[in-house]
Amino acid sequence: MFKKVLIAEDLDTISLTVVHALQELGVADVRYVKYCDDAYLKIKRAILDEEPFDLLISDLSFKTDHRENKLTSGEDLIEAVKKVQPNIKTIIFSIEDKSFRIKSLFKKLDINAYVLKGRDSIPELKKTINRIYADDKKIISDELSYALRDKSLCEIENYDIVLLKSLSKGLTVEEIVSEFKESKIIPNSISSLEKRINKLKIYFKANNNVHLIALAKDFGLV
């Protein structure tokens, strides 16, 4: 079984429940933190001490408060952690159930598992931890198994997601053109962006840009 596990979760009740579950599985060293920045620093410290964590379990959403943080989501955390410890096993434990969002996390972050929080989520989490330790491949909760089979958003590309995120910030097409050129994202002409936006509106059956962003949020794209 894993020897050292870190939990990133801002709710104490959930963290303590997960800690108890890990202890039942025989994990000797279990730590938990409420902020992604703290989780990242603990992982870096453990690497320097040559006692790295074997597994990171993280929520996706963290409530903002008085404290200013560089890493504000589980996605930010795992992306940063993978740069300093690429081989660490990672599980996302979240209420987010949007199929495209889940697919993108497996593809972009190469997470090992995704477990949906719910009534029977702790037994599911324990089963998932055992399977990951046994070197199973990518794992997803049974109730979310449809997500990896869902082909409804297969035509959406990373370029489209970046474009939708820029629109969701309230940027004009001209401002997005400047942003894309600065980031060397192509195509980046006004005509190409307008064509892409129109294509997305047709794809999502959106009446206008505001409607498009609302639908994209519903799908978990932005």
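# A walk through helices, loops and a pocket

Start by selecting α7 and α8, whose crossing is right-handed. Helices here are DSSP runs (H or I, at least four residues), strands are E runs of at least two, and both are numbered from the N terminus.

Before going on, a word about what is on your screen. This is a predicted model, in which local features need pLDDT of at least 70 and side-chain atom pairs count only at pLDDT 80 or more, though totals for chains, interfaces and linings use all residues. Residues are numbered from 1 along each chain as its sequence is written, and side-chain values use heavy atoms, with hydrogens and water left out.

**Stop 1: α7 against α8**

Helix α7 covers residues 173–182, and it packs on α8 at an angle of about 115° with the axes 10 Å apart. The axes are lines fitted to C-alpha atoms, for helices over the stretch in contact, and angles run from 0 to 180 degrees between N-to-C directions. The two helices are therefore roughly perpendicular; the cut-offs are under 35 degrees for roughly parallel, over 145 for roughly antiparallel, 65 to 115 for roughly perpendicular, and oblique for the rest.

Now show side chains. From α7, pick Val 173, Glu 174, Ile 176, Val 177 and Phe 180; they make the contact with Ile 190, Leu 193, Glu 194 and Ile 197 of α8. Contact means heavy atoms within 4.5 Å. Colour by class and you get 7 nonpolar, no polar and 2 charged residues. (Nonpolar is Ala, Val, Leu, Ile, Met, Phe, Trp, Tyr, Cys and Pro; charged is Asp, Glu, Lys and Arg; the others, Gly among them, are polar.)

While you're here, click on Pro 187, in the loop between α7 and α8. The peptide bond joining Ile 186 to Pro 187 is cis, with omega about 0°.

**Stop 2: on to α9**

Select Ile 197, Leu 200, Lys 201 and Phe 204 on α8, plus Asn 209, Leu 212 and Leu 215 on α9, to see the contact. Its classes come out as 5 nonpolar, 1 polar and 1 charged.

**Stop 3: α3 and α4**

Jump to α3 (residues 74–84) and α4 (residues 99–109), whose axes come within 11 Å and cross at roughly 15°. So α3 is roughly parallel to α4. What meets Glu 75, Ile 78, Glu 79 and Lys 82 of α3? On the α4 side you'll find Arg 101, Leu 105, Lys 108 and Leu 109. That contact has 3 nonpolar, no polar and 5 charged residues.

**Stop 4: the loop between α2 and β3**

Next, zoom to Glu 50, in the loop between α2 and β3. Glu 50 is not a glycine, yet its phi is positive, near 60°. Glu 51 sits in that loop too, between α2 (36–48) and β3 (55–58). Beyond its neighbours within four places in sequence, Glu 51 contacts Lys 4 and Ala 46.

Finish at the second largest pocket, with about 300 Å³ of space. It has 17 lining residues, and those closest to its centre are Asp 10, Asp 59, Ser 61, Phe 62 and Lys 63. The lining splits into 6 nonpolar, 2 polar and 9 charged. On a 1 Å grid over the protein atoms alone, a cavity is a set of points where a 1.4 Å probe fits but cannot get out; a pocket is an open set with protein on both sides within 12 Å along at least five of seven lines, and lining residues have an atom within 4 Å of a point. Points are joined across faces, edges and corners, and a volume is the space filled by probe spheres set on them.

How values were computed:
A crossing is left-handed if the near helix is turned anticlockwise from the far one by less than a right angle, and right-handed if clockwise.
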